[in-house]
2 protein chains.
Amino acid sequence: MNIPSSNNERVVIIGGGFAGLALAKKLRNRKFQVVLLDKHNYHTFQPLLYQVATGGLEAGSIAYPIRKVIQEYKDFYFRLTSVKEIDTVNQKIISEIGDLHYDYLVIATGSKTNYFGNKEIERNSMSMKTIPQSLNIRSLILENFEQAVLIKDEAEKQALMNFVLVGAGPTGVELAGALAEMKKAILQKDYPDLDITKMEINLVQGDDRVLNAMTEKSSKAAEDFLLKLGVKIWKNVRVTNYDGRTITTDSDLTFESATVIWTAGVQGAKVAGLKAESLIQRVDRIRVNEFSQVVGYENIFAIGDIASMETPKYPQGHPMMAQPALQQGCLLGENLVRLAEGKAMKAFEYNDKGSMATIGRNKAVVDLPHYHFHGVFAWFVWMFIHLISLIGFKNKAVVFMNWAYNYIAFDREGRLIIRPYKKRSFTTFTSDEI
Amino acid sequence: MNIPSSNNERVVIIGGGFAGLALAKKLRNRKFQVVLLDKHNYHTFQPLLYQVATGGLEAGSIAYPIRKVIQEYKDFYFRLTSVKEIDTVNQKIISEIGDLHYDYLVIATGSKTNYFGNKEIERNSMSMKTIPQSLNIRSLILENFEQAVLIKDEAEKQALMNFVLVGAGPTGVELAGALAEMKKAILQKDYPDLDITKMEINLVQGDDRVLNAMTEKSSKAAEDFLLKLGVKIWKNVRVTNYDGRTITTDSDLTFESATVIWTAGVQGAKVAGLKAESLIQRVDRIRVNEFSQVVGYENIFAIGDIASMETPKYPQGHPMMAQPALQQGCLLGENLVRLAEGKAMKAFEYNDKGSMATIGRNKAVVDLPHYHFHGVFAWFVWMFIHLISLIGFKNKAVVFMNWAYNYIAFDREGRLIIRPYKKRSFTTFTSDEI
């Protein structure tokens with residue numbers, strides 16, 4: 001990989017997401033050589049991917065070049081690559097662009113969509129974990145409507161205008177709300193020769209409430225918001241298959257749809273080479289102790305979505321969200337410095353700042369540790385928190401301007417088909433994984 | 001194509017560029033049914049493509065959804081498709097999505113890159129006429145540097161850092177200047193492990209001055225600006241081949257480069273089906289009379305780059321630029337209305353408002369009909385004219401903000417590789433034409 005040798009010990013970080021980047025910042029100009037690897041050359045602010053998918057924001061506004069973050073860090077290297085395997089015996093990682101020795105290895109590869117082994121669903125549905133995937137969804141939505149105007153067959157036309165979102169966690173709920181607003185704000189005006197009232201947004205949830213990681217009060221409020229926006233909510237329904245046209249479920253219910261977006265589960269984005277005892281097979285997460293140390297290794301750590309730190313309060317590990325990732329990344333930065341200085345590491349304790357989701361214009365739900373609220377104020381809180389969390393002044397400013405414009409103009413201008421799917425039919429949709 | 005029948009005569013416009021869109025606006029709520037066809041669902045502001053390619057602007061800022069333009073027009077339809085052929089006998093166009101009868105046909109398909117028949121250059125070099133192509137160039141530039149950091153072989157490294165722009169018209173000159181600024185503003189900071197001073201920007205021109213359609217004074221000023229920015233200018237040199245690695249010329253001069261951007265010529269983006277006498281084979285343009293009527297037809301018109309209206313002042317047709325396209329589109333709109341009202345059409349007369357090019361920060365050249373100037377003021381004039389020419393308030397605001405940010409921060413944040421080239425080697429580069 002052409003990394004110069006150094007007097008400092010080398011920390012290799014796999015992944016420039018919330019966890020990896022928080023760690024990188026903490027290791028700035030410390031006595032380490034740091035090599036950060038990612039398969040994209042940018043950090044993605046995942047909580048806003050659904051706005052890219054639905055035309056509210058441009059991709060560039062929610063991404064930030066990784067090299068720009070580390071521009072002024074000494075003895076710090078970025079490499080654009082995927083890691084194929086870890087060779088723990090020889091302390092090196094094996095990547096597409098060669099091997100690299102590590103003194104400390106930090107796995108921060110995040111998570112990917114979990115189809116629970118159903119290959120047909122995986123092949124036919126879309127997922128939304130990366131910017132290219134969000135742009136694909138945006139293109140697909142618009143291409144569906146371009147196709148719908150051409151078709152006379154009512155059933156086909158309806159299938160193109162039916163959207164099925166599987167999974168009513170934050171991603172499913174936010175996407176459903178944004179699609180409903182896209183219907184009103186854009187599609188109704190852009191496609192006067194279609195009866196857009198027939199467009200259906202179906203949100204399918206396996207258990208009995210949406211946003212089931214939030215309070216019941218917030219779930220209820222979110223459901224009310226969604227219903228008000230015209231989203232159809234199907235609770236206690238499990239999708240069993242999707243052949244590219246028909247969605248079957250564990251009940252008699254079926255849907256005909258050209259577009260299924262799958263947000264029903266995540267699993268760790270695993271890397272090969274760790275001992276079996278270090279892994280939780282079912283969800284592909286890595287077992288770590290309270291110092292984020294991978295079980296069975298001294299000098300290998302895992303942070304963020306990929307890491308499962310089982311504590312009495314979180315027996316299944318922490319939620320796979322930005323906050324635990326950020327906090328683990330920061331603490332590990334401190335701990336690596338302590339380790340190098342011969343000091344004891346500090347145990348991780350998750351500071352749960354709460355969670356929130358936005359459903360649409362003036363509609364959000366917020367759960368703080370001791371206080372739950374929803375509506376207009378919650379929506380402003382949601383916007384404020386997301387704005388200040390974005391990296392970079394320009395991104396903040398551009399996102400703010402876009403939101404202001406979208407709010408005032410009831411519009412979303414991000415509707416360019418720039419990643420078209422080549423010649424698709426109902427049976428050849430693929431979710432381009434890059 | 002599922003276009004409803006109408007009591008109005010049908011105008012079919014092929015192409016939503018400057019000419020086609022100007023015409024569409026003029027036909028707003030007139031007594032025509034209008035069907036506008038384009039292979040993209042957006043209008044592209046081509047003069048700023050080079051800024052997308054070099055990370056100064058996001059694609060969304062220089063494009064505008066066509067459906068949004070025509071949202072409130074009556075009896076107006078947009079269809080996303082490519083036209084394969086015109087059947088002038090039966091008065092219909094044959095497209096990917098079916099046939100369509102026309103009463104009046106307007107060909108506004110614009111131009112495409114002209115490789116003068118050299119297939120090897122076409123296969124191995126990049127061109128920059130569309131947004132996807134600009135994003136490809138951006139990705140390729142950044143991927144080159146990501147690859148260069150990995151390579152130890154000095155010759156290969158140098159080839160990745162050598163850029164060759166063939167053709168010193170406005171596109172070549174603006175791109176060369178922007179690349180030179182990208183070198184200083186971004187690459188130098190982002191790639192500390194590379195010796196960026198070795199990056200070469202070579203601008204190759206077939207005759208003896210750059211911007212040869214402008215005044216000699218402006219050519220001279222542009223050359224000085226380019227040299228000041230470190231661009232190497234090669235005049236009176238013709239590129240004869242490029243195999244993906246070595247560029248050969250009509251002299252002893254050769255270049256080793258992984259990236260050739262070809263801006264040395266344009267030709268009409270022709271549509272099959274017209275009589276031979278209507279065409280100028282050499283440049284694939286369509287011969288039109290002073291009413292933009294295609295020679296040999298009563299009810300077929302051509303406007304913009306594709307049309308060649310040979311007049312005493314412009315014996316080769318008008319320059320293939322935005323201004324003639326806009327003016328022809330507007331006049332044809334009026335003329336079609338006059339025609340339908342049984343009035344005589346007005347002859348086109350080109351109002352040459354001048355031309356301009358920007359080379360970089362504080363560096364532009366402007367030729368007005370009776371006045372030529374360059375430098376800081378020219379640069380502000382250039383920015384002002386381009387800003388007000390963009391469609392849409394939000395695009396204007398976002399572009400303005402980006403320019404202000406880039407100016408103040410000496411930065412360009414648009415450096416996401418979102419259309420990566422899968423596994424490339426020197427010999428497998430392709431310029432993905434979509």
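Helices (H or I, at least four residues) and strands (E, at least two) are DSSP runs, numbered from the N terminus. This is a predicted model, in which local features need pLDDT of at least 70, side-chain atom pairs count only at pLDDT 80 or more, and totals for chains, interfaces and linings use all residues. Residues are numbered from 1 along each chain as its sequence is written, while chains are lettered from A and ligands numbered from 1 in the order in which they are written.

Let us begin with helix H11 of chain A, residues 393–409. After H11(A) comes A:Phe410, with a positive phi near 50°.

| Side of H11(A) | Residues |
|---|---|
| Buried | A:Lys394, A:Asn395, A:Val398, A:Val399, A:Asn402, A:Asn406 |
| Exposed, turned away from the buried side | A:Phe393, A:Ala404, A:Tyr407, A:Ile408 |

Seen down the axis, the buried residues of H11(A) fall within an arc of 125° (taken from the directions from the helix axis to the C-beta atoms), so they line one face of the helix.

Over in chain B, 3 strands form an open antiparallel sheet in the order S23-S24-S25; strands pair if DSSP finds at least two bridges between them. Strands S23 (355–360) and S25 (371–374) of chain B are the edges, each pairing on one side only.

Notes
Expected span 1.5 Å × (residues − 1). Buried ≥ 20, exposed ≤ 12 C-beta atoms within 10 Å, placed from the backbone.
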